[in-house]
Structures are given as structure tokens and as C-alpha cells.
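Trainee: Before we start, could we go through this model together?

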Amino acid sequence: MKLPRRFFQPLATGAPAPFRELPVRLERMIHFVPPHNDKVRARVPELAGTVDVVLGNLEDAVPADQKEAARKGFVAMAQATDFAATGTGLWTRINALNSPWILDDLFTIVAEVGDKLDVVMVPKVEGPWDIHYIDQLLAQLEARHGVTKPILVHAILETAEGVANVDAIASASPRMHGMSLGPADLAASRGMKTTRVGGGHPDYRVIADPAGDAPRASAQQDLWHYTIAKMVDACMANGIKAFYGPFGDFSDGAACEAQFRNAFLMGCAGAWTLHPSQVAIAKRVFAPDPAEVAFAARIVEAMPDGTGAVMLDGKMQDDATWKQAKVIVDLAKLVAAKDPELAAVYKLG
Ligand SMILES: CC(C)(COP(=O)(O)OP(=O)(O)OC[C@H]1O[C@@H](n2cnc3c(N)ncnc32)[C@H](O)[C@@H]1OP(=O)(O)O)[C@@H](O)C(=O)NCCC(=O)NCCSC(=O)C[C@H](O)C(=O)O
Ligand SMILES: [Mg+2]
């Protein structure tokens with residue numbers, strides 16, 4: 001373990017100093033773009049103003065013989081659009097550390113568009129050693145190419161070993177932005193008997209005890225509850241952000257919304273959107289409910305210094321509910337700053 005005073009030192013001479021606090025950004029959705037697909041890539045300039053983050057995906061879902069085209073496509077799309085002008089984050093998902101493509105991914109992208117890149121998403125992170133490797137390499141590349149803003153790192157939690165090491169991954173580097181659940185790879189790594197990209201399974205359920213001949217009620221359970229809770233605790237304990245990942249059944253908007261909402265309520269900041277149809281769902285879910293915002297604002301107003309106990313509508317409020325209310329009001333302000341329609345509904349000063 002590094003001494004605390006060395007934790008924030010740049011890892012290469014000439015590399016920018018790491019952030020002490022994460023930049024405050026609204027990241028309701030990380031929108032995946034396949035950069036080797038010319039048709040989808042052509043939509044990026046128009047897309048950029050409508051999503052919080054555009055991510056050029058170089059890893060899974062890009063065929064092996066298209067990896068180079070995806071990398072070039074990402075550089076082209078990063079150069080063609082001023083993402084910062086609309087407050088949109090620019091991320092890339094690089095190939096896995098044990099793949100033949102990772103070095104070319106990072107060498108090319110930092111050299112060509114390092115100054116425009118906010119976050120590198122790293123798949124299949126197994127432990128802090130993976131983050132240390134990327135951290136050092138990024139520092140060397142930032143120094144070589146004169147990148148002035150530190151590029152952040154986002155880990156995908158998608159292997160059993162990664163879940164076992166989640167706390168150490170979250171605290172591995174000041175470069176850590178956050179973590180996303182990767183339910184498809186994690187299912188495979190765990191030996192789960194599913195063929196889905198996120199969401200539930202009709203056979204994962206609890207059943208009521210028998211009561212004579214009456215039909216026994218049963219209800220589907222959330223396959224991802226344990227992992228999301230573990231990921232949220234690891235992230236929030238380290239001041240970084242947790243995200244639900246992908247929902248692969250584009251035809252089932254209701255199930256996508258339910259999965260996103262569970263993640264939101266559990267503490268996640270956003271989710272991945274893989275198709276334009278999922279963007280509106282993420283916008284709906286990852287902004288607090290106006291009635292909840294109004295009640296939270298009343299709590300904050302009723303306890304100006306955040307201490308004591310008061311009654312509101314028959315419900316006791318104290319320091320702890322004040323803190324919950326503050327989470328909701330702060331998020332609503334962040335959303336309102338970007339979304340005039342919701343700003344008008346929230347009516348926060
Ligand atoms: C999956 C897709 C290839 C589907 O694309 P397509 O066949 O074109 O679908 P549609 O005809 O329904 O598309 C309608 C129009 O929307 C455009 N489109 C489609 N996808 C996108 C997009 N992501 N961004 C912007 N625009 C998009 C189409 O071009 C159509 O346009 P038009 O013809 O003008 O009307 C495609 O959606 C896609 O590639 N999505 C991303 C898939 C991806 O990145 N998958 C990997 C992430 S999930 C994962 O890796 C698992 C995870 O790691 C884990 O382990 O859990
Ligand atoms: Mg994956």
C-alpha cells in the first residue's frame with residue numbers, strides 16, 4: 001500500500017496531477033456507440049446533445065476483424081464533435097488487458113484524442129493490480145502526449161474474482177471514476193445458468209409455503225441485488241460512482257426500466273444505454289421523482305442546519321432523513337441545470 005501522501009502524486013514526470021475530488025457531472029446514461037458502424041457513428045453529432053455520456057466501444061460486440069476500424073472510428077468521432085460544448089462526457093471502452101488489442105487502443109487514443117477523453121472504461125477487472133497497470137500506463141502516455149487533464153478510469157465488475165476484490169478495486173487509484181455491473185460476463189464467470197444480458201430470470205423466484213390446496217403464490221427475485229449492493233458500498237465508501245450496466249432485451253422496455261430503477265434506488269448514478277430506445281428510459285429513471293423532490297425540499301427547509309427532529313405529514317424527520325433529502329435535492333439541482341423541462345417541474349431555487 002502506498003503512503004497516503006504519495007497517493008495523489010502523478011505516476012510519470014509531466015503527467016497531470018490526479019483529481020482530489022471527482023468532477024461533479026450528471027451521468028444518467030453511458031450511451032454505447034459501435035464506432036466501426038458508419039451508420040451509427042454518423043448519428044453521434046446529433047446524439048451528443050441528448051445523452052450525458054457518449055462511449056465508443058472497442059471491446060465485446062466489435063468483431064475481431066473490425067477492431068482497428070472501431071479504434072479509427074472512435075478517433076474520427078472524437079475529433080469531429082465538440083462534446084465538451086454540450087457538457088457531454090466522452091468515454092471509450094478499451095479491450096481487455098489480456099487481449100492483443102489493448103496496447104494499440106491506448107497508444108492510439110491517448111496520442112490522437114487524449115485531451116478530449118474523459119474516461120477509459122476497463123473491462124473484466126479482476127483486482128487492484130489491473131487498475132495499477134492502467135494507471136501507470138495512462139500517466140506515461142499523458143506525459144508523452146502533453147495531456148493536461150487526467151483521464152479517469154472506470155472498471156467493469158464482471159468476473160467472480162473482481163466481485164471478490166471489489167473494495168480493493170474501488171480504492172486502487174485516485175484515477176478511479178466508478179464501476180459498472182457487467183451482468184453478461186459475470187453470469188458466465190460465475191457459472192450462472194442464463195443466456196441474458198442483465199435483467200431477471202423467470203425461474204429465479206421464491207414460493208409461499210403450502211396452505212392446503214390453495215395455489216402457492218410465488219414471485220420473481222432480483223438476480224443482481226447482492227452484486228449491486230456490494231458494488232454501491234465499495235464505490236460510495238471510496239467517493240466514486242456506481243452504475244448498472246447493460247440491458248440486452250431492447251424489446252422489453254418495462255423490464256429495462258424496472259432493472260434501472262432498482263439500481264437507482266440502491267444508489268447507482270446511471271446505466272448503460274445500448275440502443276436509442278433506452279435513452280428516454282434512463283432519463284426517466286435516473287432523475288428523482290418530482291413529488292419526492294418536493295418532499296425532500298420541505299425536509300431541508302424544515303431543518304436549516306440539518307439537526308434535530310421535526311414532523312412532516314405525520315412522518316418523523318431527523319439528521320438522517322435530512323441527509324437522504326440532501327442527496328435527492330442535490331441530484332435534482334444537477335438534473336435541472338441540464339434539463340429545462342425538469343427544472344420547471346422541480347422549481348428549486
Ligand atoms: C445492437 C445494434 C447493432 C442494433 O442496431 P440496429 O440493428 O441498427 O437496430 P435498430 O434497427 O433497432 O436501430 C434503429 C435506429 O437506431 C440506430 N442505432 C442503433 N443502435 C444505436 C446506438 N447504440 N446509438 C445510436 N444509434 C443507434 C440504428 O442505426 C437505426 O438508425 P436508422 O436506420 O437511421 O433509423 C446496435 O444497437 C448496437 O450496436 N448497440 C450497441 C451494442 C453494444 O455496444 N453492445 C456491447 C455492450 S453490452 C456488453 O458488452 C455486455 C457487458 O460487458 C456484460 O458483460 O454484461
Ligand atoms: Mg462484458
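Trainee: How many salt bridges does the rule find across the interface of domain 1 and domain 2?

Mentor: This is a predicted model, so local features need pLDDT of at least 70, side-chain atom pairs count only at pLDDT 80 or more, and totals for chains, interfaces and linings use all residues. Residues are numbered from 1 along each chain as its sequence is written, chains are lettered from A and ligands numbered from 1 in the order written, and side-chain values use heavy atoms, without hydrogens and water. A salt bridge here is a side-chain nitrogen of Lys or Arg within 4 Å of a carboxyl oxygen of Asp or Glu. Across the interface of domain 1 and domain 2, the rule finds one.

Trainee: Which residue forms a salt bridge with Asp52?

Mentor: The closest N and O atoms of the pair are 2.9 Å apart. The partner of Asp52 is Lys338.

Trainee: Where do the bounds of domain 2 lie?

Mentor: The bounds come from an automatic or database domain assignment. Domain 1 is given as 2–285. Domain 2 is given as 289–344.

Trainee: What area is buried between domain 1 and domain 2?

Mentor: Buried area is the accessible area (1.4 Å probe) that two parts lose on being put together, summed over both. Carbon and sulfur atoms give 65% of it here. On the side of domain 1, Leu26, Arg28 and Phe264 lose the most area to domain 2, together 62% of what that side buries. The total between the two domains is about 550 Å².

Trainee: Which residue has a polar side-chain atom 2.9 Å from an oxygen atom of ligand 1?

Mentor: Ligand 1 is surrounded by 21 residues, each with a heavy atom within 4 Å of it. A backbone N or O atom of Phe32 lies 2.8 Å from a nitrogen atom of ligand 1, and a polar backbone atom of Leu274 is 2.8 Å from a nitrogen atom of the ligand. The side chain asked about belongs to Arg93.

Terms used. A polar contact is a pair of N or O atoms within 3.5 Å; within protein, one must be able to donate a hydrogen and the other to accept it, and residues adjacent in sequence count only if both atoms are side-chain atoms.
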